[in-house]
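Dear colleague,

I am handing over the structure we spoke about, and below it you will find what came out of going through it. Please keep it open beside this message while you read.

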Amino acid sequence: MDKKKFVVACGGTGGHSFPGLAVAAELAARGHEVTVWTSGRAIEGSVMKEWAGPVFATGAKPLAPRFALANLRALWRSWREMRRDPPDAVLAMGSYASLPPVAAAVLRRVPVVLHEANTVPGRAVDFLAHFATAVAISFAETAERLRGLKCELTGLPVRREIVGCERFAEVPPDAFCVFVTGGSQGAHRVNELAVEALSYVQAGFKKLGRKLYVIHQTGAADEGWVMGRYAASALPSRVNAFEREMGRAFATADLVIARAGASTCFELALTGKPAFLIPLPTALRDHQHRNASSFVAAGAAAEGLQDELTARALANWILKRASDPASLEEMSAKMKALSQPDAAANVANLMERVVDPAGLEPATK
């Protein structure tokens, strides 16, 4: 295909940014010109270090009345930039960061592809899907919620560089390693449950004469106290607000405690890591619980509801799995079976077909 110009609108959180960057990298590798559009939030800065190409910040804000004027400005900035440098098509990864770019694209008559990461479409995708040429989805069941619209099951693009990494050298090879992550911004309640649970696990391991090691991505707000708790209990650990070597963290972990955002779920699948998922209870339309349920049904993960889960119950689950390597291997195999390693290529293929007048004919409806 001839060189095309694409905008990839992603941002708001790492869960929307990383998949967008994966597709941007795939399109750029095919020789296309790609600009990544973000909202410009500070949290996006660390994520955007993964992208070496051009970036444009729209100034988009969350959907709330107090941000109405700011979002109108973001729409104006997006329209003006699109007039200055018109793309052949726009890919939007969802969240409020998608609204100004998609609205500008519609006004400029630029084709739009949306991507929905979760089982349940978010408000942005739910609304914008009616203006899109196609919607790329990660879970087959999502199509049932977007009836009458052109959906294509592409999978969720995740960072391929997290696969095939080496273990952290400081983690003893005979230690049982638990990786805790609440996502790029952290999750306070997950941090609390995990820290308390792992103190129980540590006591159990000591009785058995086994070693325990923890890798913990805390988010900026909790880094200090989590680090202090592990130091006070002499529990060997690697604690960071934002873990920059996620591939090595996954490679080292025997199991993972995490939220159930779509990116996290499919990174677990790509790396084949058994997991205990704690969905965010306030997630829109309870989509994290639905994501987790899909993985639990496949036998790849366990789930604990935040309002019901106790640290003792979480500790018991970890101890049970640690004492049964065969069950962990079985979960790992089932997790790996859920992986979608070609997702970025699938979305890139869809983008190329959108700019080809006859290109969408093969797409699955």
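The buried residues of helix 11 are covered by several elements, among them strand 8 (176–181), helix 6 (188–208), strand 11 (255–258), strand 12 (275–277), strand 13 (301–303) and helix 12 (325–336). Please bear in mind that this is a predicted model. The residues being covered are Ala 311, Leu 314, Ala 315, Trp 317, Ile 318 and Ala 322, and because they span an arc of only 160° around the axis, they sit on the same side of helix 11. In general, an α-helix has 3.6 residues a turn, so residues three or four places apart point the same way. The length of helix 11 (residues 311–322) can be checked too: at 1.5 Å a residue, its 12 residues should span 16 Å, which agrees with the 16 Å between its end C-alpha atoms.

Elsewhere in the model there is an open sheet of 7 strands, paired in parallel and ordered 3-2-1-4-5-6-7. Strand 3 (55–57) and strand 7 (151–153) form its edges, each pairing on one side only, and from one strand to the next the twist averages 25°. Within this sheet, strand 4 (residues 89–92) and strand 5 (residues 112–116) are joined in the parallel sense over 3 bridges, and Val 90 has Val 112 of strand 5 as its bridge partner.

Two helices lie across strands of the sheet. Helix 3 (residues 68–84) lies across strand 2 (33–38), strand 3 and strand 4, at about 145° to strand 3, while helix 4 (residues 99–107) lies across strand 1 (5–9), strand 2, strand 4 and strand 5, at about 155° to strand 5.

Best wishes

Note on methods:
Residues numbered from 1 in each chain as written. Predicted model: local features only at pLDDT ≥ 70, side-chain atom pairs only at ≥ 80, totals over all residues. Heavy atoms only, no water. Pairing = 2+ DSSP bridges. Helix = DSSP H or I, 4+ residues; strand = E, 2+ residues; numbered from the N terminus. Axes fitted to C-alpha atoms, helices over the stretch in contact; angles between N-to-C directions. Contact = heavy atoms within 4.5 Å. Expected span 1.5 Å × (residues − 1). Buried < 20%, exposed > 50% of the residue type's maximum accessible area, 1.4 Å probe, protein only. Arc of directions from axis to C-beta.
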